Amino acid sequence: QVQLVESGGGLVQAGDSLRLSCAASGRTFNNYAMGWFRQAPGKEREFVAAIRWLGGTIFYADSVKGRFTILRDNAKKTLNLQMNSLKPEDSAVYYCAADRRGTYTNSYSYQLPSNYDYWGQGTQVTVSS
């Protein structure tokens, strides 16, 4: 069992930066793929970024590519999401997630919420214009 707790959300202005953190506890998550997802009111949960366990390959949604950076520290059991140049459309509840499989042969599988086994409670990010 893995427990995930997000932090770092808040209210910022467009163009600002935020750093989200996800602290993992329980069984080791070194072998897991880790991802960030977000969900805005009235919308489905969408993929933001993921990092596979094997090789550290990283995937980003096109909407955040070049602005967001996902980082994992297996020794500290943390996953971070550095968000720069924030836009109002980035406003959402952000969730950290862990996938026991750790690695897939295709990038699309990392983008599916249904593939993730553990989820945090979420942290709110609001970007004002």
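I counted rings of Phe, Tyr and Trp (its six-membered ring) as a pair if their centres lie within 6.5 Å. The model is a predicted one. With that cut-off, my search of the whole structure gave eight aromatic pairs.

I looked at one of them, Phe-59 with Tyr-110: the centres are 4.6 Å apart and the planes make an angle of 25 degrees. I noted this pair as stacked, because planes under 30 degrees apart count as such. Phe-59 belongs to strand 6 (residues 58–60), while Tyr-110 is in the loop between strand 9 (92–99) and strand 10 (118–119). The two are 51 residues apart, and the pair links distant parts of the chain.

Next I looked up the aromatic cluster, which is formed by Phe-37, Phe-47, Tyr-95, Tyr-116 and Trp-119.

I found an open sheet of four strands, in the order 1-3-8-7, with antiparallel pairing. Strand 1 (2–7) and strand 7 (68–73) are at the edges; each has a single partner strand, so one side of each has no neighbour in the sheet. The twist from one strand to the next averages 15 degrees.

Last, I checked strand 7 against strand 8 (residues 78–83): they pair in the antiparallel sense over six bridges. For Leu-71, I wrote down Asn-80 in strand 8 as the bridge partner.

Definitions and conventions
Residues numbered from 1 in each chain as written. Predicted model: local features only at pLDDT ≥ 70, side-chain atom pairs only at ≥ 80, totals over all residues. Heavy atoms only, no water. Phe/Tyr/Trp six-rings, centres within 6.5 Å; stacked < 30°, edge-to-face > 60°. Pairing = 2+ DSSP bridges. Axes fitted to C-alpha atoms, helices over the stretch in contact; angles between N-to-C directions.
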